Amino acid sequence: MMAPRTKGRSAALAACVVALPMFLAACGGDDEGGGSGESGGGDTTLQLAHSYTEDQPQHRCGAQVIADEVEKADVGMSIEIFSSSQLGADADRIASVVSGDIDMDIQGASALGAIYEPVSVLDAAYAFDDSDHLARYFDSEAAGELLQGFEDETGVHTLGAWSAGMREFTANEPIREPGDLDGLRMRFPNSPQFLMNAKALGADATEVAYEELFLALQQGTVDGQENPITNIAASSLQDVQDYISMSDHQANSNLVIIGGDSWSGLSSEQQDALAAAVEAAEEQVPECVAEDEETTIAEWEESGDMEVVDDVDVEAFRSQADAYLRDNFDEEQLAVYEGIRGSAE
């Protein structure tokens with residue numbers, strides 16, 4: 001997956017680009033910062049950061065697989081993983097990848113859209129049908145063009161991408177059709193694409209930080225929310241929500257990125273080994289997610305902690321979202337969206 005971009009493309013830009021948002025304006029790494037380093041034995045050590053817990057598939061079957069595969073390749077390179085936002089929140093880590101203070105990161109598309117807006121469209125409601133569709137898209141020429149534009153603008157190279165599950169609605173009442181969202185205060189992440197998704201789906205979006213979501217649901221500040229099953233379970237939202245409605249309204253995509261200097265500083269042998277390691281993770285993460293989801297759903301059904309609503313009118317949501325997005329995307333966004341839909345079977 002994504003071989004044309006990991007082996008055939010030129011080295012990423014080494015300097016920051018003036019067009020980046022203000023929080024990325026300070027270019028250049030710190031001599032004492034966290035860029036690529038040499039261990040005592042002379043091997044290259046790359047930092048790989050992400051926001052997930054070590055129990056989640058993105059770590060177990062993603063980051064850890066990348067580290068293990070690189071170790072097995074024996075090319076004088078190792079990966080040091082920093083999970084659970086140890087190296088900062090999403091925006092901070094992206095800035096650090098651009099400046100060279102962090103080598104690698106696992107990020108969602110909307111977070112990356114803060115520095116290159118077209119990437120956000122990867123998070124559009126019903127853009128992807130499922131994880132297989134997402135995988136096909138990232139093998140396509142359209143994805144190559146999008147990610148080359150991202151690299152040209154930011155100097156950040158994309159090594160790969162995977163689906164970390166479909167996002168579903170939870171609330172204290174079933175959500176089977178768009179009209180069921182009327183009157184509900186639904187928490188959506190505070191990013192332009194997610195807030196556009198809320199409008200496309202017919203939801204009244206309320207912005208709450210992910211870290212504050214459990215308390216907001218417990219206290220009734222919001223009535224419901226949307227997340228992948230693995231995130232819902234990791235945050236124990238089944239303790240404060242009665243229903244999960246299987247809307248499958250968005251693929252929760254992750255992109256594995258590396259700073260331009262970190263990438264170009266590797267030998268071709270090391271680049272190939274890292275690309276192969278990410279490809280191995282791409283194959284494993286969706287499988288791990290599916291297994292975790294099946295186990296979690298079974299546990300909820302057995303315990304009664306969350307009632308599973310599996311008769312959602314997905315087509316009603318999908319057609320409403322598609323019409324809204326096509327009417328409200330600008331020309332560049334629409335081109336990305338069309339590229340994604342064109343890769344559907």
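Which side chain meets that of R318 in a salt bridge? Here are some notes on that pair and a few others.

1. A word on the basis first: this is a predicted model, where local features need pLDDT of at least 70, side-chain atom pairs count only at pLDDT 80 or more, and totals for chains, interfaces and linings use all residues. Residues are numbered from 1 along each chain as its sequence is written, and side-chain values use heavy atoms, with hydrogens and water left out.

2. The partner of R318 is D129, in a salt bridge at 3.4 Å, N to O (a side-chain nitrogen of Lys or Arg within 4 Å of a carboxyl oxygen of Asp or Glu). This pair links distant parts of the chain, 189 residues apart: R318 is in helix α12 (residues 314–328), and D129 is in the loop between α4 (109–112) and α5 (131–138). Helices (H or I, at least four residues) and strands (E, at least two) are DSSP runs, numbered from the N terminus.

3. R318 is partly exposed, with a relative accessible area of 24%, and D129 is partly exposed at 28%. Here buried means under 20% relative accessible area, exposed over 50%, and partly exposed in between (1.4 Å probe, protein chains only).

4. Now look at R93 and D105, whose side chains form a salt bridge at 2.9 Å, N to O. R93 sits in helix α3 (residues 90–99) and D105 in strand β4 (residues 104–108), 12 residues apart. Both R93 and D105 are buried.

5. R326 and E338 also meet in a salt bridge, at 2.7 Å, N to O. R326 belongs to helix α12 and E338 to helix α13 (residues 331–342).
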